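Thanks for passing this one along. Here are my notes, written to be read with the model open beside them.

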Amino acid sequence: MNAVVIWGGRALLLAVFAVALSGALNPNHDASSQVPPPDVVQHIGYGYLLTLLSIASLPRVNPWWIGGAFLVMATSFDVMQIFGLVSGTFQWKDIAANVGGVAAALAPFALARFRRVGARGAL
């Protein structure tokens, strides 16, 4: 399992590095063409901040439960948009952005858990 996480992280690092390098070296690079819509940025930001601040405010609650609760709530609001119960329109990208924000907030916890498990296995 540890090798999968390590190699997965390396693959993602390489992919992000390749995109960043191609943008840096391309003289015709148009940064504005790669900017996500404001709605997506907002969903990522709220997912990240609400999860992170809730974890800090509720130290006795498992962070994974907090992240899961936010994903359930955010998805519920998006589904309610289908029926006109809340304003806005249902979009899959909103759900994906919510997942991205919550995942970004939980990533340090996952890394710490991975390192603890890896350190025990090395002994």
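Predicted model: local features only at pLDDT ≥ 70, side-chain atom pairs only at ≥ 80, totals over all residues.

1. The chain holds four helices and zero strands, and its elements run α-α-α-α from the N terminus on.

2. How does the radius of gyration of the chain compare with that of a compact globule? The chain has 18 Å, whereas a compact globule of 123 residues would be near 14 Å. Along the principal axes, the C-alpha atoms fill a box of roughly 55 × 50 × 25 Å.

3. Burial and surface can be read together here. Of the 123 residues, 19% count as buried. The chain exposes about 9,100 Å², and carbon and sulfur atoms supply 72% of that area.

4. On contacts, take those in the chain with a separation of 6 or more: residues 24 or more positions apart account for 64% of them.

5. Now the aromatic rings. A search of the whole structure finds one aromatic pair. Its partners are Phe90 and Trp92, with ring centres 5.1 Å apart and planes at 80 degrees. An angle over 60 degrees counts as edge-to-face, so this pair falls in that class.

6. Are the two partners buried or exposed? Phe90 is partly exposed, at a relative accessible area of 24%, while Trp92 is exposed, at 65%.

Notes. Residues numbered from 1 in each chain as written. Heavy atoms only, no water. Helix = DSSP H or I, 4+ residues; strand = E, 2+ residues; numbered from the N terminus. Rg over C-alpha atoms; globule rule 2.2 N^0.38 Å. Buried < 20%, exposed > 50% of the residue type's maximum accessible area, 1.4 Å probe, protein only. Contact = heavy atoms within 4.5 Å. Areas by Shrake-Rupley, 256 points an atom, 1.4 Å probe, with all protein chains shown as cover. Phe/Tyr/Trp six-rings, centres within 6.5 Å; stacked < 30°, edge-to-face > 60°.
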